[in-house]
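The sequence and structure are shown first.

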Amino acid sequence: MSKRGYLGEFELMVMLALIRLSENAYGVPISREIEASSGREVALGSVYAALERLQQQGFVSSRLGEPTAERGGRAKRYFRVTANGLHEVRKTRQTLISLWQGLPELERGKA
Amino acid sequence: MRGSGPPALATWLLERIVPGENNEALAGDLLEEFNRRGSAAWYWRQVLGAILAGVSKQLHAGWFEAGCEILWTFGFATVWTCVVPTYQDFMLRCAWVQPSAYSGLIFHCSLFRSFDVRIVGHSASELELYQWAIEIAAYAVIVGSGVGVYLILNRSFSLRRFWSGLLVGLFVVVIGDWVRTTLIQEHLLLVSRSVWWFGWAVYEYGFRWLPLCLAAQVSIWATRSHWLQSKHQVEI
């Protein structure tokens, strides 16, 4: 379980990408999803580091797929969000929404 | 699919240095994405990023072990830096290759005088090769002592781990020594400036210490690397 009790920015992005991708969530589509949303190049190593942290906290589970020739005989590792993970994402969303509210500077579009 | 594969050195580093159970999946993902993008620069960036992320993760996960490792490598490098002048002197007196009067070589051993082996008809370049071989053997003793003692203290000694650490550490220390002696001293002529800036002792010990410290750290990584634990190692 999480010792910190909240998700970091990148971890939250990874969790949202996992939820969006559903059954087809492995390294490549996850990084593409985050790249498409953020507009920045994402290091696959960072994605895996975040996934390992989330897995240790019990927010994500994984299973090994079949090896393919396209990947030099290496298997894909598929990830999915657990019930705990989903609960954590909802909690983080609530926290962010409540922090977001009542900030006129941001509502008017000022940085 | 592209005709050419990703940079082999980057893949080699990825498979041996990046820790973690997801190493194989990460290597597969990078290859899959490389086939789409076809950029060696992108591949290198990703591999270096994965190495940094892996090392950072290890530091966070086991800061005590990481601290012990850093202390070990610093101690190993410091002890050997102080011992090296005496060790080199011993090596010089014990066994050295000398050109002989009849254009041959003599493996000379002044400590054991009966141990003189004459090799006739070798050129100057071969003489240099023999000297290199002896220097590499001397470094193998240094790096091997570090890797061996580390694995014994860590209770994880195996011949496979030992050879892996020794070879990788030896490679780093030989390159480091070549940079120190050939590149910095001979080509860039930085010795006099460095001595003037830092003082002789700092130059003499600092430039020996750094490659030894780096070699010790890299050899420890190599003994722990993923491929030693995995049952199946798949090549691209």
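## Architecture of chain A

The secondary structure of chain A consists of five helices and two strands. Read from the N terminus, these elements follow the order α-α-α-β-β-α-α. The model is a predicted one.

Chain A has 111 residues, of which 42% are buried. Among the contacts in chain A with a separation of 6 or more, 52% join residues 24 or more positions apart.

A:Ser22 lies in the loop between H1 and H2 of chain A. Most residues other than glycine have a negative phi. A:Ser22, however, has a positive phi, near 55°. The relative accessible area of A:Ser22 is 42%, and the residue is therefore partly exposed, since that class lies between the cut-offs of 20% and 50%.

## Helix H2 of chain A

Helix H2 of chain A spans residues 27-38, 12 residues in total. From first C-alpha to last, the helix reaches 16 Å, close to the 16 Å expected at 1.5 Å a residue. Just after H2(A), A:Gly39 adopts a positive phi of about 75°.

Which residues of H2(A) are buried? They are A:Gly27, A:Val28, A:Pro29, A:Ile30, A:Ser31, A:Ile34 and A:Glu35. The cover over these buried residues includes helix H1 (9-21), helix H3 (44-56) and strand S2 (74-81) of chain A. Helix H2 (23-37) of chain B also belongs to that cover.

Two packed helices are described by the angle between their axes and the distance between the axes. For H2(A) and H3(A), the axes come within 10 Å and cross at roughly 105°. Because angles of 65 to 115 degrees count as roughly perpendicular, H2(A) and H3(A) are placed in that class.

On the H2(A) side, the contact is made by A:Gly27, A:Val28, A:Ile30 and A:Ser31. H3(A) contributes A:Leu44, A:Val47, A:Tyr48 and A:Leu51. Six residues of this contact are nonpolar and two are polar, while none is charged.

## Cysteines

How many disulfides does the structure hold over all chains? The number is zero. B:Cys82 has a relative accessibility of 48% and counts as partly exposed, whereas B:Cys213 is buried, with a relative accessible area of 8%.

Conventions. Residues are numbered from 1 along each chain as its sequence is written. Chains are lettered from A and ligands numbered from 1 in the order in which they are written. This is a predicted model: local features need pLDDT of at least 70, side-chain atom pairs count only at pLDDT 80 or more; totals for chains, interfaces and linings use all residues. Side-chain values use heavy atoms; hydrogens and water are left out. Helices (H or I, at least four residues) and strands (E, at least two) are DSSP runs, numbered from the N terminus. The expected span of a helix is 1.5 Å times one less than its number of residues. Buried means under 20% relative accessible area, exposed over 50%, partly exposed in between (1.4 Å probe, protein chains only). Contact means heavy atoms within 4.5 Å. Axes are lines fitted to C-alpha atoms, for helices over the stretch in contact, and angles run from 0 to 180 degrees between N-to-C directions. Angles under 35 degrees count as roughly parallel, over 145 as roughly antiparallel, 65 to 115 as roughly perpendicular and the rest as oblique. Ala, Val, Leu, Ile, Met, Phe, Trp, Tyr, Cys and Pro count as nonpolar, Asp, Glu, Lys and Arg as charged, and the others, Gly among them, as polar. A disulfide is a pair of cysteine sulfur atoms within 2.5 Å.
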